[in-house]
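Dear colleague,

Please find below the structure that I am passing on to you.

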Amino acid sequence: MQIKNIIFDMDGVLHRGKTPIPGAAKTLAELRKRGFRIFFLTNNGEHPREFFVERLRGVGFEAHLDEMYSSSYGTARYISENFPGKRTFTFSRGMQKELEKNSITIDNSNKAEVVVASLDVHLSYEKLVAAFQAIIGGAIFLASNEDASYPVENGVLKPGAGAITAALEKSTGRKPTIIGKPQPYLLDIIIKEHKLDKAETLMVGDRLETDILMAKQEGLKSCFVLSGVSKREDIEKYGLNPSFVLGSVAELPETLFPK
Ligand SMILES: [Mg+2]
């Protein structure tokens, strides 16, 4: 099996909250040394992508901005390409920052022309009301991702962007356009920008219905790790067949280069 490029999901794969997965930084360093091209693809839309680079570096990983693809960045690209000039409603400050960096006009009122649902740990009912009113008034409805939950330290889960998206879907009766995985929008940007061959690309993720499903639908090889959200028993439930199933990324080098 010829693998030249490896795309890593982050939460539950490289770290959980602020704690790195044991052995993950060493794995990444070894893969770089062996010449693999490394990319990061996270559904997290809570912060601009510089934040994610800093967070990885802060817990001992080598990471670069041109390797980092987050749903916040994807949302900025999507709006710039499809709805340039439209006034956009955001939930988190980090998403707002990413959009502003890409010259998108922010309008966090019920008069916005585009609404971006994403994770907001300071969610308020007032914000939901404004987003709801903008959507029923005809705004374009986007969502950074639909992850129901995300892992933090000590096996604890918290409600994800999908919980906020669902509140708006339920109340408005409208379905959003999803930017993050399993949709291939960001993957296609990575493949195109770096001229990669999908058949030579491995997606490493902890979530079957996003990371591994996208890999299957897009013809990537996949490595499912058990250090995050999904469980081994879930593989059958989703009818998926990952190329590798590992306890964590620490086992990836010995899997790719058996002695
Ligand atoms: Mg994950």
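Helices H5 and H6 are oblique to each other, because their axes cross at roughly 50°. H5 covers residues 125-136 and H6 covers residues 161-172, and the two axes come within 10 Å. The crossing of this pair is right-handed. On the H5 side the contact is made by Leu-128, Ala-131, Phe-132, Ile-135 and Ile-136, and on the H6 side by Ala-167, Leu-168, Ser-171 and Thr-172. Sorted by class, the residues of this contact comprise seven nonpolar and two polar ones, with no charged residue among them. Please bear in mind that the model is a predicted one.

One of the pairings to look at is that of Val-116, whose bridge partner in E8 is Leu-142.

A second pair of helices may be described in like manner. Helix H3 (residues 71-82) packs with helix H4 (residues 93-101) at an angle of about 45°, and their axes are 9 Å apart. That angle makes H3 oblique to H4. The crossing of H3 and H4 is right-handed. H3 brings Ser-72, Tyr-73, Thr-75, Ala-76 and Ile-79 to the contact, while H4 contributes Gly-94, Met-95, Glu-98 and Leu-99. The residues of the contact of H3 with H4 divide into five nonpolar, three polar and one charged.

There is also an open sheet of six strands, ordered E5-E4-E1-E12-E13-E14, and its pairing is parallel. Strand E5 (68-70) and strand E14 (244-246) each have a single partner strand, so one side of each is left without a neighbour in the sheet. On average, neighbouring strands here are turned by 20° against each other, direction ignored. Strand E1 (residues 5-8) runs parallel to strand E4 (residues 37-42), and four bridges join the two. Asn-5 has Arg-37 as its bridge partner in E4. Helix H2 (residues 49-58) lies across E4 and E5 and runs at about 125° to E5.

As to the division of the chain, the domain assignment gives domain 1 as 5-43 + 181-256 and domain 2 as 83-178. The centres of these domains, taken over C-alpha atoms, are separated by 26 Å. Eleven residues of domain 1 and nine residues of domain 2 take part in the contact. On the side of domain 1 that touches domain 2, one residue is nonpolar, seven are polar and three are charged.

Two points of backbone geometry remain. Most residues other than glycine have a negative phi, and most peptide bonds are trans. Which peptide bond is cis here? The bond from Lys-181 to Pro-182 is cis, with omega near 10°. Pro-182 has its place in the loop between E11 and helix H7 (185-193). Ser-103, although not a glycine, has a positive phi of about 60°. This serine, Ser-103, sits in the loop between H4 and E7.

With kind regards

Technical notes:
Residues numbered from 1 in each chain as written. Predicted model: local features only at pLDDT ≥ 70, side-chain atom pairs only at ≥ 80, totals over all residues. Domains from an automatic or database assignment. Contact = placed C-beta atoms within 7 Å. Nonpolar A, V, L, I, M, F, W, Y, C, P; charged D, E, K, R; others polar. Axes fitted to C-alpha atoms, helices over the stretch in contact; angles between N-to-C directions. Parallel < 35°, antiparallel > 145°, perpendicular 65-115°, else oblique. Left-handed = near helix turned anticlockwise from the far one by under 90°. Pairing = 2+ DSSP bridges.
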